Structure formats: C-alpha cells, structure tokens
Amino acid sequence: MMNFELSEGQTTLIQLIRTLNAEKIVPYLREHRFTEKNGFSQYLLDILREHNLLCPVVPKEYGGLGMDYMSVSLVVEEIATVCPGLAFVVSNNVHAVQPILLSGTKEQKQNILPAFTGKEACLGAFASTERASGSDVSSFQSLAEEKDDHYILTGQKEYVLNAGTAKYLTVFSSSSFSKKKASLRCFMIPNFLPHFRLGKVCKVAAPLLFDPMEILFDHVKISKSNVIEDKDYSGYLLLSQTMDMGRALTSAVAVGIARAAFDLADDYARKRVLNGKTIISNQVIAHSLVEMAVMIEMNQLLVRKACWLIDKEEDFAMVSNMSKLSASRLAIEVTSRASEIFGARAFLVTSKIDQLTQCARIISVIDGTDNIQKNTISTIMKVNEI
Ligand SMILES: Cc1cc2nc3c(=O)[nH]c(=O)nc-3n(C[C@H](O)[C@H](O)[C@H](O)COP(=O)(O)OP(=O)(O)OC[C@H]3O[C@@H](n4cnc5c(N)ncnc54)[C@H](O)[C@@H]3O)c2cc1C
C-alpha cells in the first residue's frame with residue numbers, strides 16, 4: 001500500500017519546529033547572523049535542548065526521543081529552512097551516535113547515550129576525513145595499534161564538524177596499514193583523553209554554527225571499552241552504513257536550503273516591480289520558479305523514500321546515495337536560480353541567498369562527494385546485475 005501522508009505525530013513535530021523557527025530562531029538570527037560566527041551557537045543549541053531535539057534518535061530508554069529517520073529528516077529539513085548551520089549540527093550529531101546505535105554494547109549505550117539527551121545534552125563529532133585520505137577510506141594514515149587491553153591512536157583528522165564543542169568523538173582509523181579497510185576500527189571517545197588536541201580551524205565561507213576543525217592524536221591511549229564493534233559489523237561496514245544513513249539526513253538539509261531559497265525568490269519575484277509590472281509576470285521567471293518547485297518536490301520524495309527504507313530496515317544504500325547526489329544538485333541549482341531572480345541584490349554580503357548558496361555548496365562534499373555517491377550507486381547497480 002502506498003501512503004504519502006505524514007502521521008499525526010510527524011505533523012505536530014513539523015508544527016513545533018515551525019513555531020521554534022518563527023518565535024525563537026529567526027528573531028535571534030535577524031539580530032546576530034551577520035555579526036557573529038562560532039559565537040552565537042549556544043542559544044540556538046539550547047532551543048533544541050529544551051525539546052530534547054539535539055540528538056533525537058537516541059532511544060527512549062537512554063533518555064532520548066527514540067525518533068525514526070523519517071521524523072529526524074523532517075526536523076532537519078524544517079530547521080534548514082531558517083538556519084542550515086543548526087541543521088548540520090543536528091544531522092552531524094546523529095551521525096556521531098549512529099555507530100553506537102548500530103553496534104554498541106548495552107554497557108556502552110548506558111554509559112554514553114544519556115549524555116546526548118535532555119537539557120544538558122552534549123554534542124558529538126564524526127571524524128573520518130584525513131589530509132591524505134579524503135574520499136578514500138582505504139588510505140587512512142591514522143593508526144590505532146592494538147596493545148593488551150587498549151589501542152594507541154596516532155594521526156590526524158580534519159574538517160570535523162562540531163569538533164570544538166563535542167564531548168564525544170566518533171573516530172574511524174586503521175589498525176593495520178597492510179590490511180587497509182579490512183582493519184578499520186571505530187572508537188567513541190571522550191574529548192578529554194591525554195594527548196588528544198584540537199588543531200587548526202578550517203574556516204569556511206558558509207555561515208555554520210561552528211567551523212570544522214582538525215583534531216590531532218599523539219599516542220592517545222584508548223580503552224577497548226571504547227571500541228564500537230560487534231560480530232555483524234566490521235569497522236568498514238559500520239562506516240559505510242553510518243555514512244549511507246547520514247546521507248539521507250544531509251539530503252533533507254539540502255531540501256530545507258532549497259525551500260528557503262525558493263521562498264525568498266518567489267516572494268521577491270512577486271514584489272519586485274519593473275516598468276510597472278512584477279518580474280514574476282515574465283514567463284521566464286515564473287517558469288524558473290516552477291522548475292525549482294518541481295525539483296524540491298522530487299527531492300523531498302526521494303529523501304522520504306530513503307528514510308522509509310532505513311526505518312523499515314530494508315536495503316537503503318542505493319536510494320540514500322541517490323537522494324544525496326540529487327539533493328546536492330538541487331541545492332546548487334535552486335540557490336543559483338534564486339540568485340538570478342534577485343539580480344545584484346544576491347551579491348550583497350548581507351544577502352540571505354548568498355548565505356544559502358554557501359551552505360548549498362557544502363552538500364556536494366559533506367558525507368562524501370558527488371563522485372563518491374556515483375561510485376557507490378554504480379557499485380550497487382553492478383552487484384545487483386549479477
Ligand atoms: C563544511 C564541511 C564539513 C565537513 N564535516 C566533516 C565531518 O564532520 N567529518 C568528516 O570526517 N569529514 C567532514 N568533511 C570532509 C568531507 O567529508 C570531505 O571533504 C569529503 O569526503 C571529500 O574529501 P576531500 O575534500 O579530501 O576531497 P578529495 O577526496 O581529495 O577529492 C577531491 C576531488 O576528487 C574526486 N575524487 C576523489 N576520489 C575519487 C574517486 N575514487 N572517484 C571519483 N572521484 C574521486 C572527489 O569527488 C573530489 O571531486 C567536511 C567538509 C566540509 C567542507
């Protein structure tokens with residue numbers, strides 16, 4: 001049976017986020033958006049903490065909301081319509097806890113997950129990218145050497161979102177260079193371990209809440225109780241599965257960005273009068289808005305299909321990668337069309353369209369580049385042919 005209706009709970013959830021957007025987030029951003037970066041975040045995080053929404057996937061038994069991916073995608077999409085930076089924080093936080101949700105022991109979950117819930121909820125960071133192994137996780141240079149009851153981790157990670165404020169870091173590293181990706185290990189570690197430190201800030205143009213950061217491990221001793229693994233998942237499978245799930249949420253952020261750009265362009269086109277008529281009365285402008293609306297609708301459906309498959313525990317990898325590839329193009333295309341409609345005003349440093357464009361560009365690299373999504377989809381298609 002096909003059913004495109006959202007549940008009553010999901011409709012209420014969307015309404016809640018729209019109320020938070022209108023009453024709290026937008027007024028705050030109006031005042032601070034162009035004056036502060038990396039400094040105005042706590043207020044915004046607290047708004048979500050108040051409703052236990054910073055990491056809504058944490059199961060109820062550990063203090064969370066136990067939200068399914070469909071609902072989380074609705075949350076991040078709505079937040080992204082007013083503050084993509086905040087939406088990235090939530091999707092990234094979910095990313096950071098996903099390995100422990102998939103494969104953590106009961107003890108690990110009891111020890112770690114409650115910290116991600118409630119009014120004092122912490123943030124997590126997900127650290128995979130390294131200087132020498134961006135898209136290629138088989139060439140990690142960070143090494144986790146196995147000793148008796150612990151690992152010694154040495155190396156570097158970069159472009160890690162939330163790193164500067166995260167209480168827990170989810171780190172993927174190699175435990176043997178010769179075994180490459182077969183040797184990947186996943187660690188979920190607190191940020192206060194000796195010989196761990198934050199490196200340089202990777203300042204990006206987009207108005208994120210926090211710029212991504214480099215993190216450095218210089219012989220960090222990690223107890224085996226911080227290794228996330230079980231018989232079903234090798235570190236590599238765990239990484240792939242986490243990334244594939246995360247791609248559905250990143251796509252939802254992209255849909256939110258596109259919706260925001262569409263709304264601004266639509267509103268502007270109805271108000272901007274040239275030679276006695278609104279610019280929307282030019283068919284080319286009206287048709288451009290139509291193209292944008294169609295793309296948004298299609299991508300929203302793809303995101304929801306990916307989340308629906310994730311929630312049903314069916315094979316979701318192909319659809320979530322398709323949704324990410326498509327959503328990356330959506331965000332670029334819609335912000336670019338919106339920019340065209342705004343003309344010169346899109347180029348002002350205070351332009352919301354310009355800020356959305358910067359956020360849109362991030363979608364095409366975060367959680368793997370468009371090319372990597374294509375590689376993944378083509379691998380799955382070939383496997384399916386056999
Ligand atoms: C704002 C922001 C936030 C981020 N947050 C995080 C985070 O929280 N955690 C984290 O771990 N990382 C994060 N990243 C890093 C991101 O995941 C990487 O940038 C991405 O994986 C690509 O790696 P790279 O930049 O090193 O590019 P490279 O891997 O060097 O790729 C460069 C180009 O070559 C192409 N390419 C490379 N290999 C192939 C191939 N085999 N086939 C086809 N094309 C290929 C790529 O598609 C790309 O176009 C973030 C990045 C940004 C910009």
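Buried residues account for 47% of the 386 residues in the chain of this predicted model. The secondary structure consists of 10 helices and 9 strands. The radius of gyration is 21 Å, close to the 21 Å that the globule rule gives for 386 residues, so the chain is as compact as a globular protein of that length. The C-alpha trace spans about 80 × 50 × 40 Å along its principal axes. Among contacts with a separation of 6 or more, 73% are formed by residues 24 or more positions apart.

Helix H9 was examined for its geometry and packing. This helix covers residues 352-363, 12 residues in total, and reaches 17 Å from its first C-alpha to its last, close to the 16 Å expected at 1.5 Å a residue. The buried residues of H9 are Ile353, Gln355, Leu356, Thr357, Cys359, Ala360, Ile362 and Ile363. These buried residues pack against three helices, namely H4 (84-103), H6 (235-271) and H8 (317-342).

Backbone torsion angles were also considered in two loops. Asn275 is located in the loop between strand S8 (273-274) and strand S9 (277-278). The phi of Asn275 is near 50 degrees, a positive value in a residue other than glycine. Asn275 counts as exposed because 5 other C-beta atoms lie within 10 Å, where the limit for an exposed residue is 12 or fewer. A positive phi, of about 60 degrees, is likewise found at Glu313, which is not a glycine. Glu313 belongs to the loop between helix H7 (283-311) and H8, and H8 is one of the helices against which the buried residues of H9 pack. With 7 other C-beta atoms within 10 Å, Glu313 is therefore also classed as exposed.

Terms used
Residues numbered from 1 in each chain as written. Predicted model: local features only at pLDDT ≥ 70, side-chain atom pairs only at ≥ 80, totals over all residues. Helix = DSSP H or I, 4+ residues; strand = E, 2+ residues; numbered from the N terminus. Expected span 1.5 Å × (residues − 1). Buried ≥ 20, exposed ≤ 12 C-beta atoms within 10 Å, placed from the backbone. Contact = placed C-beta atoms within 7 Å. Rg over C-alpha atoms; globule rule 2.2 N^0.38 Å.
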